[in-house]
Amino acid sequence: MTGESSAYRLSVRALRGSAAGLALLVALSAQAQAQSVVVQGNRRVDTETIRSYVQGQSAAQARQDLINTGLFSSVNVTQRGNQLVVAVRENEVINRVVFQGNKKLKSEQLEGEVQSKARGPFSQSIVDSDVSRIREVYQRSGRGMATVTPQVVQLSDGRVDVVFNISEGDKTGVKSIDFTGNQAFSSGRLRDQMTTTESNFLSWLKSSDVYDPDRIAADLELVRRYYLKHGYADFRIVNTDVQFDPSSNGYRITIAIEEGQQYKVGQTTVDSRIPDVNADQLNRLVKTTSGSVYNAEEVEKTLQGMTTTVASKGYAFSQVRPQGNRNPQTGTIDIAYIVEEGPRVYIERINVRGNTRTRDYVVRREFDVGEGDAYNKVLIDKAEKRLNNLGFFKRVRVTNEPGSTPDRVIVNVDVEDQPTGQFSIAGGYSTSDGFIGEVSLSESNFLGRGQYVRVAASLGQYSEGFEFSFTEPFFLDRRMAAGFDLFTKSSDNTQYSYYENRVTGGTLRLGLPLTDESTLLLRYSLFQTKIEIPNTINQPYNDCWYSLAPTYPFSSPACINNGEASLALKEASGEYLTSLVGYTLSYNTLDSNKNPRSGVYAEVKQDFAGLGGDSQYVRTTGEARYYHELMENIVGMLKVQGGYLIGNDLRITDQFFMGPSLVRGFAPSGLGPRDASDPNNNALGGTTYFGGTAEVQFPIFGLPRELGMRGAVFADAGTLFGYKGKTNFAGIAPTPVAAGYPTSISVIDSSEIRSAVGASLLWQSPLGPIRFDYAYPITKNRYDRTQYFRFSGGTSF
């Protein structure tokens, strides 16, 4: 009975509580119905829209919500009896946004930076913020003295014009970049690692001296990576002080660093904690070797190689992490590469943001992982590095955020497109080609597809030509570069030989990356060669034969001595087709392809002619270059090269012709086999050559590095020999005009080494690389032709 009584009392209390709550709701409802909302002061914003922000809210919250819309400059909410009065003052509407005084930056660019927009609400605070944004844009473009004055022009109907009056001022450059705390490397060497440069007399030609905070931050990362590459594992940047100097109208940057000590690699071990992954098999992927200077890039390459290898064995969630144990007393770091199963986290989504021109798939294909795959930070970092190396973007940033579940992650790729097209008009001069001009148009991100297209036309004193190239870097959605080239070029070789030629054809090519350092390029070429021997009064190089010189009226025995072409060259005259397949195997560990300081570049080429056409031969060539920094900014280079040709019925134009490309100090076609029966000793070419070069490059004191000028001293040695063409032309040659004109040739063919020493001036000019060489031959054959001075230059793309 007691339990039933208690239940009864609870039921009564609940009923009473429900009745009280119901009464309260009824009262509130009645009050709400009795209370009306009165809106005052609105002209453009609908009354019901304002009421929707007020109903059901406290007066303070309603006021704040209305202010946050940005439509009102002031809002007052008051209670008057049963009325809630909302008095508003609307913001004026912007009729247009105008920029005045801007010449260096277009109005369209500034419109994208400001938040004040035409037909939007006017806000003085936003206008003030826009002034700061405009100044920041000018600061990044190198005009830190720019001033911006806003002006509001009142119009009818609550409209205003917002005018930004801009005084752009002069260009604001970086006057000095100084480092403190550096002992191992000079400030000049560290400045060499940065893309930001100091202002100097070349500032009118460059924009790299413009102060840009984002670029400075990226440069500091380059400096940090440089130290880590050279063994300074404890390196850190303590402080970066940037001061604007009004007296010099520029910035002075001081970077304080702590280098720490240099470490070498101690013991390297691989610890595999995955049962089916053998640590001994992964040892061959280790790039860091005991006793060598610690290099963070080699650690990174090791991580990438091991991660890819382990993942290919079916362990998608594996991770490889380095564990370094520093020993300051011995100056070594013991490195252990630990291979283990990582957390099972999947990539839920990859967001590509900010690409206004480059297509999404161009960004996504640089990732070795995709949506739904296992997340691996090493592979994500590798993709970020690839995107930066494309050259398509000003900025690349890859970040992560949690996905919809704890085992999901979202990868965000933020990029900013930059111009990738180039139009160039350039000129140059070389002792072999004379004056030459070139007009070219290239695009490395064609239509945002990542394809490379180039068209160029050249016209010179002794040559002219046209080229068209197309490359698809991801052929069949694989990391293979496929493309084709179309070309035609005519050359006047009468300076050093007695013929003119035109080559017209095309090449199909396919590049296959074997490793990060090795590449295999396959190609097929089909081209037609036309050889002509001039026969004019000024160039009587073919006047001893009737059939080859029917219009030349002065044939006589003297024709032999007035510059007659060799019989071998006459036999090669005409048109013939060459069809060949070939390959190039290259290996590249250079730290920079443009200005290498260390590393090796080597390549082997083979071409097999005879797949149809008129030529049959196998041509093999090779070259290797080794760079090593002897002292700071002084680079030594050793180079070896060679070639060998075998074939049937080789024409003279199939042979190797060598000159300054093998040994400087010799003219084009200036060394090698020659025609002894010809008073002018025409060059015949050879089938075998080899040579070597030792060169030391150094900076020129007092010149800024961005001028791109360096000096060099060198020594060359090499030889060309082994003429394998015809020597007897009886039955081939027409009836000679001159009595006793020979029908065969005798060959001067010697394998003696030619050598020369000299000095060079190298200039990375705005028009491209230019090189001046002065060489003095030390050893030569009596029939060789020398050329002490050589000047080459033009444009590079």
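E366 is buried (under 20% relative accessible area, with exposed meaning over 50% and partly exposed in between, for a 1.4 Å probe and protein chains only), its relative accessible area being 5%. This residue forms a salt bridge (a side-chain nitrogen of Lys or Arg within 4 Å of a carboxyl oxygen of Asp or Glu) with R479, the closest N and O atoms lying 3.4 Å apart. The two residues are 113 residues apart, E366 in the loop between α10 (360-364) and α11 (377-390) and R479 in the loop between β19 (463-472) and β20 (481-492), where helices (H or I, at least four residues) and strands (E, at least two) are DSSP runs numbered from the N terminus. R479 is partly exposed, at 31%.

The model is predicted, so that local features need pLDDT of at least 70 and side-chain atom pairs count only at pLDDT 80 or more, whereas totals for chains, interfaces and linings use all residues. Residues are numbered from 1 along each chain as its sequence is written, and side-chain values use heavy atoms, with hydrogens and water left out.

Across the whole structure, 39 salt bridges are found. In one of them, the side chains of E300 and R225 meet at 3.3 Å, N to O; because E300 lies in helix α9 (residues 296-312) and R225 in helix α7 (residues 213-229), the pair ties together parts that are 75 residues apart in sequence. E300 is partly exposed at 22%, and R225 is likewise partly exposed at 30%. R509 and D485 form a further salt bridge, with the closest N and O atoms 2.8 Å apart, linking strand β21 (residues 500-513) to strand β20.
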